Amino acid sequence: MVASAAIGGTLQYGYNLAIMNAPTAFIQAFINETFLERWDIQLEGYQVTLVWTIIVSIFSLGGFAGALIAGPMTISFGRKKCLLLNNVFLMSGSLFALTSRAAKSFEMIIISRVLIGINAGISMNVQPMYFGECAPKHLRGAISLSSAVFTAFGVVLGQVVGLREILGSESCWQYLLACNAIPGFIQLLTLPWFPESPRYLLIDRGDKEACMDALRRLRGCEVQSSELDEILQEQAETRGVRPSRPWELFTDRSVRWQLISVIIISSAMQLCGNDSIYFYSSYVFKEAGISDDQIQYFTIGTGTCEFTACIMCNLLVERKGRRFMLTGGFLLMTIWAVVFTVALVFEVIHIDLLFLSFCFFVVFFPAGVTGVLPTEIFNQATRPAAYMIAGSMMWLNLFIVGMIFPFLVSGLREYCFVPFGAVCLSSALYIGLFLPETKGKSLSAITREFNKLNFKGQDKLSESQTETQYQLGEVGLSTAF
């Protein structure tokens, strides 16, 4: 189920993030030729760069739109059907990319990037939600983190497929942009065989039999009463409550610190500068004297490091916990941002040091750990809205970093990674001080920990009454079931 959902889901985000480097010169030439043929206009270099920047950056705006519509889609169609319907955007975008060259239309590439961005925006929200709701409590983090593993695999796959010896040549760039339809097609063939989210079936649909059947199929055995009790308790707590809208979370005091945590950590995942490595590496390697033919292989090396790091995180997240992984990752990224800056300032740039700094900066990136947090700290009624906000922050900050990074490089020069190091350090401090550990805990236990922050200063009697209600609810639900 994980492989089927992810191969047509978050793998697409990584793949489409990586493939735009290889065909840059060929698509820019195509843009110039199109203008010349249509209007007999020879574009200036900056004009071609502007159109190219729009093609690259519009992917982020499409992702932002996808994050906004993901919540309503999951409520209306469910998690699994939403992932399946999401392939409409993928297939349409691939078709536009494939036919753009024959139609002599660079506008079709822009439309393709928007549609592919919408697909990625939806999958980046829905897939972790689907995994988190299907996984048993002791494996919830590892299964949700597999979304990041497939994202990193998509990056490496895009870098490899983009080699000039494969599809990164002048004659094949349209196939490079369109071949992301293949994983989507595999998902369409396989995902229908797997069950819907048990929590969605019981809490949103009220179908207890379908929930039981889904749990049996996912677990491969009879379902434990403790797991059912937890789902039934969440159903009781949200009974009669309609799904929240994103703006309503900002005025709901009971989720104030959950929302702050999600916003800060989702923003930090882009503002920490990890994706800037991919923007900057080609330039640095070129300045270090590496030939253009060799740069693509060094870039694959950085992508492989992130893929390896995601697998390591997947193995460690259920042992060390979410807070440890996030805090440690951001602290180590801070250290390597300092090392990289010192190397630039004192002009001790050697290719081995550069590559080592890039690799370690990427290796310690706590990718994907944030994907599980909205599932663990929000209930069924607020979870879709929380994912919409988290996804929106991620995509907006990706767009911002992509647009301002060239100006940071030209303005700060050797100090260009100082802002990213500051973001990493600030994020580590916030997580260490305010984010409670969620590993292996029920939603009720996590909610009680956040309530100490959300309702700080209120009398303890109210808190004890709330805990009594939880306990009574658990006993009543178990007996009723």
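## Glutamine 270

Glutamine 270 sits in helix H15, which covers residues 256-271. In this predicted model, glutamine 270 has a relative accessibility of 5%, so it counts as buried, the cut-off being under 20%.

What does the side chain of glutamine 270 pair up with? A polar contact of 3.5 Å links it to the side chain of tyrosine 13.

## Helix H12

Helix H12 runs over residues 208-219, twelve residues in all. From first C-alpha to last it reaches 16 Å, close to the 16 Å expected at 1.5 Å a residue.

Which residues of H12 are buried? They are Cys211, Met212, Ala214 and Leu215. Looking down the axis of H12, these buried residues fall within an arc of 165°, so they line one face of the helix. The cover over them includes helix H11 (198-204) and helix H13 (225-238).

The two ends of H12 are worth a look as well. At the start, a side-chain oxygen of aspartate 207 comes to within 3.5 Å of the backbone nitrogen of glutamate 209. At the other end, H12 is followed by glycine 220, with a positive phi near 75°.

Most residues other than glycine have a negative phi. Aspartate 40 has a relative accessible area of 64%, so it counts as exposed, the cut-off being over 50%.

Lysine 104 is another residue other than glycine with a positive phi, near 55°. You'll find lysine 104 in the loop between helix H6 (87-103) and helix H7 (106-134). Is lysine 104 buried, exposed or partly exposed? At 43% relative accessibility, lysine 104 is partly exposed.

The protein chain averages a pLDDT of 83, and 89% of the residues score at least 70. Over residues 459-481, though, the pLDDT is below 50. Beyond near neighbours in sequence, that stretch has 17 contacts in the model.

Technical notes
Residues are numbered from 1 along each chain as its sequence is written. This is a predicted model: local features need pLDDT of at least 70, side-chain atom pairs count only at pLDDT 80 or more; totals for chains, interfaces and linings use all residues. Side-chain values use heavy atoms; hydrogens and water are left out. pLDDT is the predictor's confidence in each residue, from 0 to 100. Contact means heavy atoms within 4.5 Å. Helices (H or I, at least four residues) and strands (E, at least two) are DSSP runs, numbered from the N terminus. The expected span of a helix is 1.5 Å times one less than its number of residues. Buried means under 20% relative accessible area, exposed over 50%, partly exposed in between (1.4 Å probe, protein chains only). The arc is that of the directions from the helix axis to the C-beta atoms. A polar contact is a pair of N or O atoms within 3.5 Å; within protein, one must be able to donate a hydrogen and the other to accept it, and residues adjacent in sequence count only if both atoms are side-chain atoms.
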